[in-house]
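Please open your viewer and get ready to select residues as we go. We will take the tour one stop at a time.

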Amino acid sequence: MSETVFIKTPLGVASITGDENGVTKISITEDGRENPSTQISDVLKDAAHQLQDYFDGKRNEFNIKLNPSGTDFQKKVWKELTKIPFGKTVSYLDIAKQLGDPKCIRAAASANGKNPLWVVIPCHRVIGSDGSLTGYAGGLWRKKWLLDHENPVKQQSLF
């Protein structure tokens with residue numbers, strides 16, 4: 001039976017849904033929920049800990065059992081996204097080329113936008129060919145925050 005827990009992140013409260021077959025969905029909630037779950041079952045405990053470690057700067061890759069729902073093509077795109085190294089970005093065209101067909105750029109971008117596993121499948125690492133931050137379901141400010149969080153060279157303020 002699927003269950004959902006909520007954890008606090010610097011970007012808002014995230015929901016994690018899954019069962020013994022793996023995590024099916026991780027998303028940022030926009031429902032005004034303020035309180036994280038106080039009890040987290042064994043099924044979702046590892047996912048919650050790994051996500052928290054990521055936000056605490058202690059983790060740059062995930063080894064959570066995943067079980068997202070999607071078409072074969074979407075799953076192929078999501079698998080490519082997991083290959084993007086921490087702190088790096090690629091373009092939608094790069095993803096299409098990795099899939100073997102530069103013409104599938106729009107379909108790849110659409111699959112990217114339907115990614116059900118926020119942060120763990122790093123769709124935030126995909127940017128426009130011109131280097132711009134393009135569409136992000138969680139809001140571009142969150143995409144910028146995640147990319148800054150992963151940037152190995154932290155900018156220091158002079159003042």
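What follows is a walk through a predicted model, with something to select at each stop.

**Stop 1**

Together they make an open sheet of 3 strands in the order β1-β2-β3, with antiparallel pairing.

While you are looking at strands, here is a general point to keep in mind. In a regular strand the side chains alternate between the two faces of the sheet.

**Stop 2**

Thr 4 stands opposite Thr 17 in β2, Val 5 is opposite Ile 16, and Lys 8 is opposite Val 13.

**Stop 1: the second pair of strands**

Now move on to β2 and β3. How many bridges link them? The antiparallel pairing of β2 and β3 runs over 6 bridges, and a hairpin of 2 residues joins the strands. Select Asp 19 and you will find Gly 22 of β3 opposite.

Because 7 of its 8 residues are buried, β2 is largely enclosed by the rest of the structure.

**Stop 4**

Select helix α1, residues 42-55. This helix packs on the sheet and touches β1, β2 and β3. Its direction makes about 20 degrees with that of β1.

**Stop 5**

Next, select α2 (residues 72-81) and α4 (residues 105-113). Two packed helices are described by the angle between their axes and the distance between the axes. For α2 and α4, the angle is about 80 degrees and the axes are 9 Å apart. That makes α2 roughly perpendicular to α4.

To see where they meet, show these side chains:

- from α2: Phe 73, Gln 74, Val 77, Trp 78 and Leu 81
- from α4: Ala 107, Ala 108, Ala 111 and Asn 112

What classes of residue make up this contact? There are 7 nonpolar and 2 polar residues, with no charged ones.

**Stop 2: the nonpolar core**

Stay with Leu 81 for a moment. Setting aside residues up to four places away in sequence, Leu 81 touches Ile 95, Asn 112, Ile 121, Pro 122, Cys 123 and Val 126. Leu 81 also belongs to the largest nonpolar core, which has 37 residues. Select Ile 16, Leu 51, Leu 81, Ile 95 and Trp 118 to see the members that touch the most other members.

Which element gives the most? It is α1, with 6 residues.

**Stop 7**

First, go to Val 119, in the loop between α4 and β5 (126-127). Val 119 has a positive phi of about 70 degrees although it is not a glycine. Is this residue buried or exposed? With 1% relative accessibility, Val 119 counts as buried.

Next, find Arg 142 in helix α5, residues 140-150. Arg 142 is buried too, with a relative accessible area of 6%. Beyond residues up to four places away in sequence, Arg 142 touches Leu 11, Ile 28, Glu 30 and Tyr 136.

Finally, select Ser 91 in strand β4, residues 90-91. Its relative accessible area is 8%, so Ser 91 is buried. Leaving aside neighbours within four places in sequence, Ser 91 is in contact with Val 126, Ile 127, Gly 128 and Ser 129. For a last exercise, draw a distance between the C-alpha atoms of Ser 91 and Leu 66: the two residues are 25 residues apart along the chain, and these atoms are separated by 24 Å.

Key: Residues are numbered from 1 along each chain as its sequence is written. Side-chain values use heavy atoms; hydrogens and water are left out. Two strands pair if DSSP finds at least two bridges between them. Helices (H or I, at least four residues) and strands (E, at least two) are DSSP runs, numbered from the N terminus. Contact means heavy atoms within 4.5 Å. Axes are lines fitted to C-alpha atoms, for helices over the stretch in contact, and angles run from 0 to 180 degrees between N-to-C directions. Angles under 35 degrees count as roughly parallel, over 145 as roughly antiparallel, 65 to 115 as roughly perpendicular and the rest as oblique. Ala, Val, Leu, Ile, Met, Phe, Trp, Tyr, Cys and Pro count as nonpolar, Asp, Glu, Lys and Arg as charged, and the others, Gly among them, as polar. A nonpolar core is a set of buried Ala, Val, Leu, Ile, Met, Phe, Trp, Tyr and Cys residues joined through side-chain atoms within 4.5 Å. Buried means under 20% relative accessible area, exposed over 50%, partly exposed in between (1.4 Å probe, protein chains only).
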